[in-house]
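Walk through this structure with me.

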Amino acid sequence: LCPFVELPTAAVMGVNTARSATFKDGKINDEQIAFIRDNFAKVDPAKPRILVTHHPIFALPTGDDGVSEPIKNQEAVLEMIGGLGVDMLLAGHNHRASHQDSADFVTKSKGALVIQAGTATSY
């Protein structure tokens, strides 16, 4: 549930943020944070790092419904992302496409590109 692929042009990791029967709220636990750290730390610093999650790390607009909840342990994840130099955060869950610079949400994130994917049922 945590695939890691190092390509010639980027390193990509997917992380399962769903917990048990609860799909509404996401979390990256301490074991996953260590796994992300260990794998991305081995990657050439010049190579882009891409982290893919189901739940967005940040609270993002969801349309008329307002704003989504960030993942449960956002502070620990942001510290890890900043320390590793993660360049791009890809997520789904909200059914609304958007893109932002993570520094727009919190300066600690060091400016990763945040891309929120839409779905077949999205506008």
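Buried means under 20% relative accessible area, exposed means over 50%, and partly exposed lies in between. The model is predicted. Take aspartate 44 first. Its relative accessibility is 45%, so aspartate 44 counts as partly exposed. Aspartate 44 sits in the loop between helix 1 and strand 3 (49-53). Its side chain reaches the backbone nitrogen of alanine 46 at 3.0 Å. Aspartate 44 and alanine 11 are 33 residues apart along the chain, yet their C-alpha atoms are separated by 9.2 Å.

Now step back into helix 1. This helix spans residues 30-41 and holds asparagine 39. Is asparagine 39 buried or exposed? Asparagine 39 has 14% relative accessibility and therefore counts as buried. What does asparagine 39 touch, leaving aside residues up to four places away in sequence? The partners are Phe4 and Met13.

Next comes the largest nonpolar core, with 20 residues. Ile36, Phe40, Leu51, Ile57, Val77, Ile81 and Leu89 touch the most other members. Strand 2 (11-15), helix 1 and helix 2 (74-84) are the elements that give two or more residues to this core. Helix 2 supplies the largest share, five residues.

Finally, confidence. The chain has a mean pLDDT of 77, and 64% of its residues reach 70 or more. Where is confidence highest, and where is it lowest? Strand 1 (residues 4-6) is highest, at a mean of 94. Strand 4 (residues 61-63) is lowest, at a mean of 60.

How values were computed. Residues numbered from 1 in each chain as written. Predicted model: local features only at pLDDT ≥ 70, side-chain atom pairs only at ≥ 80, totals over all residues. Heavy atoms only, no water. Helix = DSSP H or I, 4+ residues; strand = E, 2+ residues; numbered from the N terminus. Buried < 20%, exposed > 50% of the residue type's maximum accessible area, 1.4 Å probe, protein only. Contact = heavy atoms within 4.5 Å. pLDDT = per-residue confidence, 0-100. Core = buried A, V, L, I, M, F, W, Y, C linked by side-chain atoms within 4.5 Å. Polar contact = N/O pair within 3.5 Å; in protein donor to acceptor, adjacent residues only side chain to side chain.
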